Amino acid sequence: MTSRHAARTDPTPALITRSEDLAALCERLRTEPFVTVDTEFMRERTYWPELCVVQLAGTEDVAVVDALAPGLDLAPLGGLLADPAVVKVFHAARQDIEIFLLKYGAVPTPMFDTQVAAMVAGFGDQVSYDALCRALANAQIDKAHRFSDWSARPLSASQIAYAAADVTHLRRIYVALRDKLAREGRDAWVAEEMAALHDPATYRQDPDTAWERLRPRTTNRRFLGMLQVLAAWREREAQRINIPRQRLVKDETLLEIAATMPADAASLARARGISEGFAKGKSGVTLLAAVAAGREVPDDALPEPARERSGPPPSPALVALLKVLLAAKSEEHDVAPKLLANSEDLDRLAAGDAEVPALHGWRRTVFGEAALALKGGKLALGVEGKRIKLIQAG
């Protein structure tokens, strides 16, 4: 997460390196109604994120926890994150939550993501922290340590101040968004959006579905079956060695191997990006074993190619009208358009798909009902002054 420059009125952050200090800090924070949380981590050279720093702030406390300090027991932090009486506040929380899920086996609860809340509150699609700092915390961003090596020790005074600022601004932003959403009766909207963040499945990569990220453009089921096996191998091998999957085997190389299905190290070494040493080494041996296993997958167990939408394509004119309606409803309710529906949702709506997210929950109330009325000829669009006007058809 991008770090922020702390306001002058914020207290000097404490650097936590001892277990007893962390335990005392977490005990104090567990008396607070909410605590703001951020992390600094390294992942450029590893599969698993390496937690380096945790930033925490309550009403008075602002602390930077050196997660790499020798002998530091991080168990009290896990207790704080699991405390149901304390709201954990993040911005763009997914990577932070993934780290805590890996470390503690559970997602923090309850929690509040200011990026999601800001979208519901009308601050735009995936609003940046920079923008929220300016709009709600009257703060400017100090980018001096944006690309710091957070695993290097000792941490400098400027790094500590920079990291602490992540959670000092977040307190003011949270309070402003919380109060705004309460005034506008949108707490339930935010809770609905937070459901995915609370689901551990959101952060867990299933090796057997890793091949789908490659989006292969083919209907050849044998190729798809081989790719499924190879992508699952890469995911597990990258986890075992703890290196990024692309450093192990690049996507284009994996696709080539799925197509050529090499049977020995010499054939494998002819693939782009595969060295002779790799092909003959432990990873190469297990990769060739995966190719052999892929050859043996029975026809009825091969994955199906992605289904194309049945029936005629949606009317471009109808999709265009739905886009106008979406913009009008977004403006009327002061909510980010992409939170209501994206381009694919509009295509599916126009084609008659009833399982579009826009037709469920709070989105249906705000946009979905009007979209169905427009499609059914019960709603027309007009212009009144500089705004779109919705006209109920007789």
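Me: Which loop holds Pro110?
Reply: Quick note on the model: it's predicted, so local features need pLDDT of at least 70, side-chain atom pairs count only at pLDDT 80 or more, and totals for chains, interfaces and linings use all residues. Residues are numbered from 1 along each chain as its sequence is written, and side-chain values use heavy atoms, with hydrogens and water left out. Helices (H or I, at least four residues) and strands (E, at least two) are DSSP runs, numbered from the N terminus. Pro110 sits in the loop between helix H3 (94-104) and strand E6 (111-113).

Me: What is omega for the cis peptide bond joining Thr109 and Pro110?
Reply: Most peptide bonds are trans. The one between Thr109 and Pro110 is cis, with omega at about -15°.

Me: Is Thr253 buried or exposed?
Reply: Thr253 is part of helix H10 (residues 251-260). Skipping residues up to four places away in sequence, Thr253 touches Ala271, Arg272, Gly273 and Ile274, where contact means heavy atoms within 4.5 Å. Buried means under 20% relative accessible area, exposed over 50%, partly exposed in between (1.4 Å probe, protein chains only). Thr253 has 4% relative accessibility, so it's buried.
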